[in-house]
Amino acid sequence: MKNSAMVMQIQDPASQRLTWYKPPLTVLVIKKKDSQVLLPFVQLVEWLVQEKNMVVWVESAVLEDKLLRDDVRLEQESAKFRMVHEYYTGVRSRFLALREKLVTFKDGRDDLTDRIDFIVCLGGDGTLLYASQLFQQSVPPVMAFYLGSLGFLTPFQCDNFQEQVTNVLEGHAALTLRSRLRCSIHRKGDRRRESLQQASNLLKPHFQRQSNFGDAGNPKACNNNCSPSSAQGAGGHSSILVLNEVVINRGPSPYLSNIDIFLDGKYITSVQGDGLIVSTPTGSTAYAAAAGASMIHPSVPAILVTPICPHSLSFRPIVIPAGVELKISISPDSRNTSRVSFDGRNDQELNHGDSLRVTTSIYPVPSICAQDQISDWFDSLAEGLHWNVRKRQKCLDELSDLTASGSEDTLDEFDSLKIHDA
């Protein structure tokens, strides 16, 4: 084929390797809220601070954990808590010796963009989802340790964390770039308000010149009167990035959801059922898998659209290319509104006239592999979901041996049956 445009370039997932352009200095440690994680958490933080001389960031809520504080009024606590508090005395003393060296942040208040070089998660899959939520743009490499229940996204074990973290810090690791979805809700009145705002912006300079208002040349007045859309981005619509899925469902309503789906502006179909799941390949093994969708390797560039209990025998889940824009809205003749949630959070109502726009984000989550992209994923399928677990079929040699050993007994039993019948 002489035309180079007709040749498809396919990237080998194995080529995605971790490369540090400068030595990582700051690390964010995220742990689940579980007392069993305290010991490995303190051990890891202690090692990162003392051995690796790294600046460790933790959530401010960690410092408020009663099991890690000495100023708790134990007389006001239950007997069980007092016993657990005493059990972690050694762990608490080690943490208090490090407390002043930690940097804290609060979700929703502090912006971590360009402040973190490396993320370590201790817990289950929820810790990785939380890390994704914290970084709504570029995400630092994430190393997730399994200390939860399922652990589908957490391939590392805590037994020899020193050796594993050292290998990662030296750049000896493979990466899986887990794509995310960029979601935004367009409310019914937004378009009219945008048109009015644009008309107001066109008329405002002319009106100010004619009226010669004193605030026209006052920068502070201009800043105070700026439209909210300038802070939210183009169009005034704030967006949220999700790692697993965005779910549209009927909520508490007893009626079927009636949802219209548009792909790049073209009407595709309507969903009549309990709802719809739009997921990433990473999310294909979560809610989508429970709803009957196929499981997709996270390196595949795709968006998965899965109906929830559709009232149709022919509505199967579909896979569409990454990069297209989905528009999801309530059908005009729908009997009820719908609810929408993003990675299980930020649940809100989707009314008639509103629309949800979903497309692939340009900011993936670089997840560090324990082995490689292929081995980690299939190990997770086998260990987390017991994928394709079945008793092995016996080979023909074993069957023939069984038949031969039992043939005479079978004939004797048949003869005795004939005599008995006679």
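Let's start with one side chain: Phe378 sits in helix H11, which covers residues 373-385. Helices here are DSSP runs of type H or I with at least four residues, strands are E runs of at least two, and both are numbered from the N terminus. Phe378 has a relative accessibility of 36%, so Phe378 counts as partly exposed. That word covers the range between buried (under 20% relative accessible area) and exposed (over 50%), using a 1.4 Å probe and protein chains only. In sequence, Phe378 and His297 are 81 residues apart, yet their C-alpha atoms are 9.1 Å apart in space.

A quick word on what you're looking at: this is a predicted model, where local features need pLDDT of at least 70, side-chain atom pairs count only at pLDDT 80 or more, and totals for chains, interfaces and linings use all residues. Residues are numbered from 1 along each chain as its sequence is written, and side-chain values use heavy atoms, leaving out hydrogens and water.

## The whole chain

Stepping back, the protein chain has 13 helices and 19 strands. Its 422 residues include 40% that count as buried. Now take the contacts (heavy atoms within 4.5 Å). Of those in the protein chain with a separation of 6 or more, 72% are between residues 24 or more positions apart.

## Helix H1 and its two partners

How do you describe a pair of packed helices? You give the angle between their axes and the distance between the axes. The axes are lines fitted to C-alpha atoms, for helices over the stretch in contact, and the angles run from 0 to 180 degrees between N-to-C directions. Helix H1 (residues 38-50) packs against helix H6 (residues 161-169) at about 50°, and their axes are 11 Å apart. H1 and H6 are therefore oblique to each other; angles under 35 degrees count as roughly parallel, over 145 as roughly antiparallel, 65 to 115 as roughly perpendicular, and the rest as oblique. On the H1 side you'll find Gln43, Leu44, Trp47 and Leu48, which meet Phe161, Gln162, Val165 and Thr166 in H6. Sorted by class, that contact has five nonpolar residues, three polar ones and no charged ones. Here nonpolar covers Ala, Val, Leu, Ile, Met, Phe, Trp, Tyr, Cys and Pro, charged covers Asp, Glu, Lys and Arg, and polar takes in the others, Gly among them.

H1 also meets helix H4 (residues 89-96): the two axes come within 10 Å and cross at roughly 30°. That makes H1 roughly parallel to H4. This time H1 goes by in a left-handed crossing. Leu38, Leu39, Phe41, Val42, Gln43 and Glu46 in H1 touch Val91, Arg94 and Phe95 in H4. The classes in this contact are six nonpolar, one polar and two charged residues.

## The sheet with strand E7

Next, follow an open sheet of six antiparallel strands, in the order E8-E7-E18-E15-E10-E11. Strands pair if DSSP finds at least two bridges between them. E8 and strand E11 (266-273) are the edge strands, each pairing on one side only. On average, neighbouring strands in this sheet are turned by 25° against each other, direction ignored.

Strand E7 (residues 181-186) is mostly covered, with five of its six residues buried. E7 pairs with strand E8 (residues 239-242) in the antiparallel sense over four bridges, and Ser184 has Ser239 in E8 as its bridge partner. E7 also pairs with strand E18 (residues 355-360), again antiparallel, over six bridges. There, Leu181 is bridged to Thr360 in E18.

## Another six-stranded sheet

Six antiparallel strands also make an open sheet in the order E14-E13-E12-E9-E16-E17. Strand E14 (318-321) and strand E17 (345-350) stand at the edges with a single partner strand each, so one side of each has no neighbour in the sheet. Neighbouring strands here are turned by 20° against each other on average, direction ignored.

Within this sheet, strand E12 (residues 275-279) and strand E13 (residues 302-308) pair in the antiparallel sense over five bridges. Ile277 stands opposite Thr306 in E13.

## A buried glutamine

Is Gln16 buried or exposed? Gln16 is buried, with a relative accessible area of 14%. Look for Gln16 in the segment before strand E1 (26-31). Leaving aside neighbours within four places in sequence, Gln16 is in contact with several residues, including Ala174, Leu177, Ser299 and Gln373.

Terms used: Left-handed = near helix turned anticlockwise from the far one by under 90°.
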